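Here's a quick briefing to read with the model open beside you. Keep the viewer handy and click along as you go.

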Amino acid sequence: MEAPELPVEIITYIFSFLHVSDRKDASLVCRSWYEASQDYQFQKNVTFRLPACTSSLEVIQGLGRHTRCGLIISHLDGSSLSRAILMEVAMHLGPRLETLSLPGSSITESSLLELLPHLTGLRKLDLRGLDSLFMSGAFLSREEHRHQVRKALEGLEELNLSDLRYLSDLTFNRLTGCTPKLRRLALSGCHIAFEFDPYRGCPVGPDSSALLSLRNLRRLLQDQAGTLRALDLSRTSITPESLRTVAQVPGLALEEVCLRGCKELSDHAVEVLCRHQPAIRSLDLSSCTELTSRAAQAVTCGLRGLQVLSLSRDWRVTDKGLAELVKLPSLRRLDLSECLHVSGAEIIKGLSSPPPRAQLETLSLRSCTYIRDVAIFSLSQLLGVSLRVLDLTSCVYLTDLSVRAIATYMPGLLVLRLGWCKEISDWGLLGMVEPTKECEPSTEKEDKGPSFTRTFGNMGFFQPPSLPFQEKPRLVTDEDLGAFREQMGASLLAIRGLQELDLSACSRITDSSITQVLRFPDLQRLSLSMLPEISDDSLASVAFHCRSLTSLALNHCPQISDQGMAKAAPLLHRLQHLQLACCDAVTDRSLSILAKHCKRLKTLDISMCKDITITKVDFLQSQLPYLENVQCRFVGGADLTITL
């Protein structure tokens, strides 16, 4: 008996719950399923990434059926094939193309000028690193070309000109003159002369043909102050005086400012920025090493509507002022990674104050080595309802207590990173308290003071006392696992919707907890690198219970072998990124298994796997159509000895 055919609307509703890759597979079943997969709700904000190869020509022709899409084409050059690809884009996509990015390319000026007039619906153009366009200085030098491009790009909202070594005032003015309605401009890593012309040895003049000047940038900001809302000047040599000039442009109301890696910025410059641009919603001040807690206080006072703040690698920032910062009611994302003097005490103080206060969704405390269990315990209670992303990588003093607190109070977490927290063990993941060792009176030894020894390794004469880290922790037994199954405590299983988990270098974790706890159907990214105690049992269990994995890292796991890969690979159909570096038990057989089952694999790291041959690597690359990058350094037992 055949089942009745469902209406396309119902099939579309069912497809809305599927992963993108699963929806793609389902669309191949029959015509009605294909029509449902092409619904408009699935086509919004879709971007396709293609390499510069002959197979891309046919793909581009097929994309012409989409009403709207974005395109990333990598490694284009001046060849006839690259020119043909761009012409296919112009012919089949044309006004339906919303975003275009050309990473790693070196196309000619004529190729781009033939394409741009056809892209009348373009909203985002990414020319990052395309030095070949600007090297000669003749790009858009002819008025007829500028007229055609201006007509096509009059609706362009986002322009990325990052990492262009040869961008000058003349070429910048020609291009931005064709984009009168910019909302976002990125000049990250560009050579901008803010105060001094290094070629002429004098202050920067206008309309330079050799470099981009602050005076020219300020002119653009004045002309487009009514529409421009986001500015990225990361990794430039902007000075405090120059930032003050930018911030004080009349009519400019920026909402996003990125100044990552601007090492000359001062606290006073941040104060001026916050005073004159109070509408900023997102501010990135990471790696601005001259900033102190005074900058954080300026942000608190001047940006009451701030939603995203990054102070990563601002090593002089301390706890001071963070209590007031987290009282900003709109703050949703806070990055304090590698702020080495932050202990979390002031954050807890601010979050404990009466409303209004921040409802953080993302918090990064990576490498904040002053963070202790008591801070995580308090933060878990205060942010348990709102927090979705928590990064505690390299908070080396955290123990199992922190893991139990996170599992108890943060069941809504989507991303949890605990890499290099070496005190975390199976007990924490299982939500159990490690039984304390009971010392029997009969076995206790009296303290007789330092004992004499004839060795000279410890300054000669006295045997040092035993240290805590010299004692091996008590391992989880079968009886302990039985108790865990009977009474489900605050184990990691409580975080049911977890999508990313990093347990790298937590060397006390073994199969006992991995096989019992890592059961997340929505988990997409997992790192178990440098866990010497996990074996094929863990790999098989993870593959069985976490079938949505797209990225799996198992570097430096010596017990992972071909047997584990044979059990796991058939279950990991979505896997795109796999890292197996320094897994000595992995051989050519694993590559054959991957070639058979993991057809979507894009990147693979098998460096220093001594039993893998280059011949098998070549075979794998010939079998997997999407494989872009294979790291195979020192495979096949290559001699690592450096001969001087």
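Arginine 372 lies over the face of tyrosine 397, 4.1 Å from the ring centre. For a charge to sit over a ring, NZ of Lys or CZ of Arg has to be within 6 Å of the ring centre and within 35 degrees of the ring normal. Lysine 616 does this too, over the face of phenylalanine 619, at 4.6 Å from the ring centre.

A word on the ground rules: this is a predicted model, where local features need pLDDT of at least 70, side-chain atom pairs count only at pLDDT 80 or more, and totals for chains, interfaces and linings use all residues. Residues are numbered from 1 along each chain as its sequence is written, and side-chain values use heavy atoms, with hydrogens and water left out.

**The overall picture**
- The chain has 25 helices and 26 strands, which are DSSP runs numbered from the N terminus (helices: H or I, at least four residues; strands: E, at least two).
- Of its 644 residues, 49% count as buried; buried means under 20% relative accessible area, exposed over 50%, and partly exposed in between, using a 1.4 Å probe and protein chains only.
- Take the contacts (heavy atoms within 4.5 Å) between residues at least 6 apart in sequence: 78% of them join residues at least 24 apart.

**Ring pairs**
- There are 4 aromatic pairs in the structure.
- Rings of Phe, Tyr and Trp (its six-membered ring) pair if their centres lie within 6.5 Å; planes under 30 degrees apart are stacked, over 60 edge-to-face, and the rest tilted.
- Phenylalanine 134 and phenylalanine 139 make an edge-to-face pair, 5.4 Å centre to centre with 70° between the planes.
- Phenylalanine 134 is buried at 2% relative accessible area, and phenylalanine 139 is buried at 0%.
- Phenylalanine 377 and tyrosine 409 have ring centres 5.9 Å apart and planes at 85°, so they are edge-to-face.
- That pair links distant parts of the chain, 32 residues apart: phenylalanine 377 is in helix H17 and tyrosine 409 in helix H18.

**Nonpolar cores**
- A nonpolar core is a set of buried Ala, Val, Leu, Ile, Met, Phe, Trp, Tyr and Cys residues joined through side-chain atoms within 4.5 Å.
- The largest core has 172 residues, and Leu501 is one of those that touch the most other members.
- Beyond its neighbours within four places in sequence, leucine 501 contacts several residues, including Leu416, Phe520 and Arg525.
- A second, separate core of 5 residues includes Ile11, Phe15, Ala26 and Phe42.

**Charged side chains**
- The count comes to 20 salt bridges, each a side-chain nitrogen of Lys or Arg within 4 Å of a carboxyl oxygen of Asp or Glu.
- Glutamate 143 and arginine 146 form a salt bridge at 2.7 Å, N to O; both lie in helix H9, 3 residues apart, about one turn of the helix.
- Glutamate 143 is partly exposed at 46%, whereas arginine 146 is buried at 17%.
- Glutamate 338 and arginine 366 also meet in a salt bridge, at 3.3 Å, N to O, and they are 28 residues apart, each in a loop.
- Lysine 610 bridges to aspartate 611, with the closest N and O atoms 3.3 Å apart.
- Shared partners join Arg313, Glu338, Arg366, Asp391, Arg417, Glu500 and Arg525 into one salt-bridge network.
- Glutamate 109 is buried yet has no salt bridge; the nearest side chain of opposite charge, arginine 174, is 7.7 Å away.

How values were computed. Lys, Arg positive; Asp, Glu negative; His and termini not counted.
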